[in-house]
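Please look over the sequence and the 3D structure shown here, and then read the briefing that follows, which is grouped by topic.

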Amino acid sequence: MSALPARVGHLRRLHVCGVSLIVSPDVWMWTIPTTVTVALAAVCLWDVGGTAWRSSPFSVVAFVAVILTALGASLACGLTDPGIVPCSTLEAPDPYKDEDTWRYCRQCEIRRPPRAAHCYVCGVCVLEHDHHCGVIGGCVGMRSLRWFTLYLVCTATGCGIGCWWLWGVVAPVLQQRQGFRSHGVRDLVSHLALLAAGGGIGLAVGAFALFYLYLTAVGLTRRESKGLLPQSAARTLPYFEDQGLEGRTLWRWLGRLGRVLHPPPSLVGAGPHGAA
């Protein structure tokens with residue numbers, strides 16, 4: 001058996017501690033939102049974390065947990081095979097070349113299945129392609145949607161917890177129960193600025209999180225919701241049907257949500273006939 005290619009499109013393959021990683025070409029972008037998130041979380045903990053710990057230690061533990069989960073999920077999105085459709089080769093020609101109703105991808109030289117689209121950043125066709133997220137540096141498709149949605153939910157939750165802490169400190173001052181002098185104008189301004197920053201990010205990310213939870217519930221990708229891809233009831237998993245994966249418990253009971261939570265195996269290195 002020949003060695004698997006080190007690159008797939010513009011993506012790089014890495015093996016770390018026995019785990020196969022598919023590295024996005026712009027995964028370094030992950031450092032930017034991570035730096036902002038860590039900085040805001042650290043300032044929030046330093047500013048009101050002590051007060052929050054005395055009133056509700058569980059909220060502090062939950063805050064740290066969701067922030068760390070958000071950072072891990074966003075990194076996983078840039079290190080996961082998003083659902084790459086294998087390109088045809090001379091040794092393994094495209095078995096679906098006669099599917100005239102399927103769109104032909106000139107870059108990958110294959111007939112791609114319904115709901116798949118070509119990602120020009122990654123240089124591959126992706127099953128149920130949603131979009132390529134340049135903010136965290138990862139492609140969002142069938143196999144990486146769970147990480148992207150988890151990132152949105154956890155980030156919004158973390159912002160909500162932090163804003164709840166800050167409002168608990170600011171509200172009594174604004175209601176003049178403690179008075180501006182006892183609290184300090186500088187502290188009040190810093191709390192309000194942090195509350196505005198966290199609240200703005202939380203509202204924006206929270207709206208995206210709700211949107212993606214809705215898309216998951218109705219079984220659409222963002223490209224389909226915007227009309228960039230036709231909504232098709234045709235087979236979306238032609239590579240997996242022959243392997244009996246349609247019988248997975250989560251798929252059978254939860255439908256698309258089950259495929260998001262437990263996506264099919266990677267097809268990278270397997271050729272167009274199916275997973276190895």
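A contact here means heavy atoms within 4.5 Å. In this protein, residues 24 or more positions apart account for 62% of the contacts with a separation of 6 or more. The model is predicted, so that local features need pLDDT of at least 70 and side-chain atom pairs count only at pLDDT 80 or more, while totals for chains, interfaces and linings use all residues. Residues are numbered from 1 along each chain as its sequence is written, and side-chain values use heavy atoms, with hydrogens and water left out.

**Overall make-up**

- The secondary structure comes to nine helices and 10 strands, where helices (H or I, at least four residues) and strands (E, at least two) are DSSP runs numbered from the N terminus.
- Of the 276 residues in the protein, 49% are buried, a term that means under 20% relative accessible area, with exposed being over 50% and partly exposed in between (1.4 Å probe, protein chains only).

**Nonpolar cores**

- A nonpolar core is a set of buried Ala, Val, Leu, Ile, Met, Phe, Trp, Tyr and Cys residues joined through side-chain atoms within 4.5 Å, and the largest one here has 36 residues, with F148, L152 and W165 making the most contacts inside it.
- Two or more residues of this core come from each of helix 1 (31–55), helix 2 (57–78), helix 3 (145–174) and helix 5 (185–218), and helix 3 gives the most, with 11 residues.
- A second, separate core has 10 residues, among them I22, C119, V126 and C139.
- Leaving aside neighbours within four places in sequence, W165 is in contact with C44, L45, V48, A52, S59, V60 and F63.

**Helix 1 against helix 3**

- These two helices pack at an angle of about 35° with their axes 10 Å apart, where axes are lines fitted to C-alpha atoms, for helices over the stretch in contact, and angles run from 0 to 180 degrees between N-to-C directions.
- On the helix 1 side, P33, C44, L45, D47, V48 and A52 meet Y151, G162, W165, L166 and V169 of helix 3.

**Cysteines**

- A search of the whole structure finds zero disulfides, a disulfide being a pair of cysteine sulfur atoms within 2.5 Å.
- C159 is in no disulfide, and the nearest cysteine sulfur, that of C163, is 6.3 Å away.
- C159 is buried, with a relative accessible area of 16%, and C163 is also buried, with a relative accessible area of 16%.
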